[in-house]
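Please look over the model below. The report that follows covers domains, helix packing and local backbone features.

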Amino acid sequence: MPIPIARHRLMREMNEMAVMTVIRQHGPISRRHIAEITGLTKSTVTVAVQRLFSKHVLKELDSISTGPGRPERLLGLNSEAGYLLGSSIDATKCQVLLFDLQGKVLDHIAYDLKVGHAAQDTLKLVADAALVLLNKIPHEKYWGFGVSIPGIISAEGLVIHAPNLKWHDIAVGTFFNEWLPNPIYVVNDAQAGAIAEYYFGNALTSDLLLYLSLGMGIGGGVVMNGNLLIGAHGTGTEVGHMVISDNGPYCRCGRRGCFEAVASLRSLTERAMRAKDVVDWLKLDQIVSAFHNHEPWARQAVEETFYYLREGIVNLANIFDPDTIVLGGDLSRFGEDLRAQVEVPIESDIIIANNRNLTVRLTSLDDFTSALGAGAMALNTMVSARG
Ligand SMILES: [Zn+2]
């Protein structure tokens, strides 16, 4: 049965992205080795490589001899074929990155923001920074701009609600359209984090990647077979608002006991303030160092928060059946203490534990995760559109 045209085209683009990502992560690499890693046939790899050559994304490097027959040419990414701009905005800071196809950050501009900053002022600050960086590259090599925001975002780039920013109905996509060339993407921060981990965080072989952004709120992003799972209206995987504690504290969404009402940085800080019996807001640095110094108030607050994190993550593991869970955001500062606390109980508590291959790890992209992921949204578009 013939494959419908749209489906055929989509598969071709997915093959090209897979081949490009493998070359970026493993290059210099032969076509045969690409086929082994991606599971694609050799002829499919050859076609994808030819198309990527026509877009100037690849370069041929030295040959290697792996046995009888002709030596194999190795392929590398022409990382300077295109440049991307990625930005992230949260409650206290914004930044814009200029990076190449390899995910290497070439330049970046960051600003601290006052809590409650006005949307229009912040967006103008980001647009000005993006224009400064845009002027550092040849315009024909500009591949696109993406901005990540911790909120519910429509497919049209409207920020419907971003509680930590106190933003409602802000037309972010329309705003940037007036200042920057297309393509422009407005992406939920956790969904952007999932994309960044998939492309730049060595998770390409994951069939289902779950990324959790553990900050003042909790966000989730899922990449399934290379595609971001966004739901029917683009607002899916709002994992922070699943209820896991019936009589828990009120959440900013109005319900009680949501995941983020009991396991976020905000809830950790409030717990730590109660345990330490102070009224001033504690900084995460203070809580982390007191936790490492075994101060009882910090141990109690952190362990209680880890308990709820485990509860929520076990639920998510049962729902999504991930092979990779990546923990990012502010709470990833607890490092191995957090990762190990989460991993072991997950393995024993998930319903179908037998033969599960589940890796829990911390983000490797630090503060750049969401901005890289937002910018990387343009990779798909440009690989599809060029040539
Ligand atoms: Zn909620």
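The model is a predicted one.

**Domains**

The domain assignment gives three parts: domain 1 covers 5–77, domain 2 covers 81–195 + 368–385, and domain 3 covers 203–363. Between domain 2 and domain 3, contact involves 16 residues of domain 2 and 20 residues of domain 3. On the domain 2 side, β8 (152–153) and α6 (189–200) each supply at least two residues. The largest share of that side comes from α6, with six residues. By class, the domain 2 side that touches domain 3 holds nine nonpolar residues, six polar and one charged.

**Helix packing**

Two packed helices are described by the angle between their axes and the distance between the axes. Helix α10 takes part in both pairs described here.

| Helix pair | Axis approach | Crossing angle |
|---|---|---|
| α9 (284–292) and α10 (296–320) | within 8 Å | roughly 105° |
| α8 (265–276) and α10 | within 8 Å | roughly 145° |

Take α9 and α10 to begin with. Their axes cross at roughly 105°, which makes α9 roughly perpendicular to α10. From α9, the contact uses Ile287, Ala290 and Phe291; from α10, it uses Ala298, Arg299, Ala301 and Val302. Six of these contact residues are nonpolar, none is polar and one is charged.

Now α8 and α10. Their crossing is right-handed. Helix α8 brings Ser267, Leu268, Arg271, Ala272, Ala275 and Lys276. Helix α10 meets them with Trp297, Ala298, Gln300, Ala301, Val302, Glu304 and Thr305. The classes in this contact are seven nonpolar, three polar and three charged.

**Backbone exceptions**

Most residues other than glycine have a negative phi, and most peptide bonds are trans. Which residues does the cis bond with omega of about 0° join? They are Gly27 and Pro28. Pro28 sits in the loop between α1 (5–26) and β1 (29–30). Another cis bond runs from Asn182 to Pro183, with omega near -5°. Pro183 is in the loop between α5 (172–177) and β11 (184–188).

Positive phi values occur too. His294, not a glycine, has a phi of about 60°. The residue lies in the loop between α9 and α10. Is His294 buried or exposed? His294 counts as exposed, because 8 C-beta neighbours lie inside 10 Å and the cut-off for exposed is 12 or fewer.

Asp321 also has a positive phi, near 50°. Asp321 is placed in the loop between α10 and β15 (324–328). With 16 other C-beta atoms within 10 Å, Asp321 is partly exposed.

**Around Cys253**

Cys253 lies in the loop between β14 (227–228) and α7 (259–263). Cys253 has 15 other C-beta atoms within 10 Å, so this residue is partly exposed. Which residues does Cys253 touch, leaving aside those up to four places away in sequence? They are His241 and Cys258. Pro163 is 90 residues from Cys253 along the chain, and 8.5 Å separates their C-alpha atoms.

Definitions and conventions:
Residues numbered from 1 in each chain as written. Predicted model: local features only at pLDDT ≥ 70, side-chain atom pairs only at ≥ 80, totals over all residues. Domains from an automatic or database assignment. Contact = placed C-beta atoms within 7 Å. Helix = DSSP H or I, 4+ residues; strand = E, 2+ residues; numbered from the N terminus. Nonpolar A, V, L, I, M, F, W, Y, C, P; charged D, E, K, R; others polar. Axes fitted to C-alpha atoms, helices over the stretch in contact; angles between N-to-C directions. Parallel < 35°, antiparallel > 145°, perpendicular 65-115°, else oblique. Buried ≥ 20, exposed ≤ 12 C-beta atoms within 10 Å, placed from the backbone. Left-handed = near helix turned anticlockwise from the far one by under 90°.
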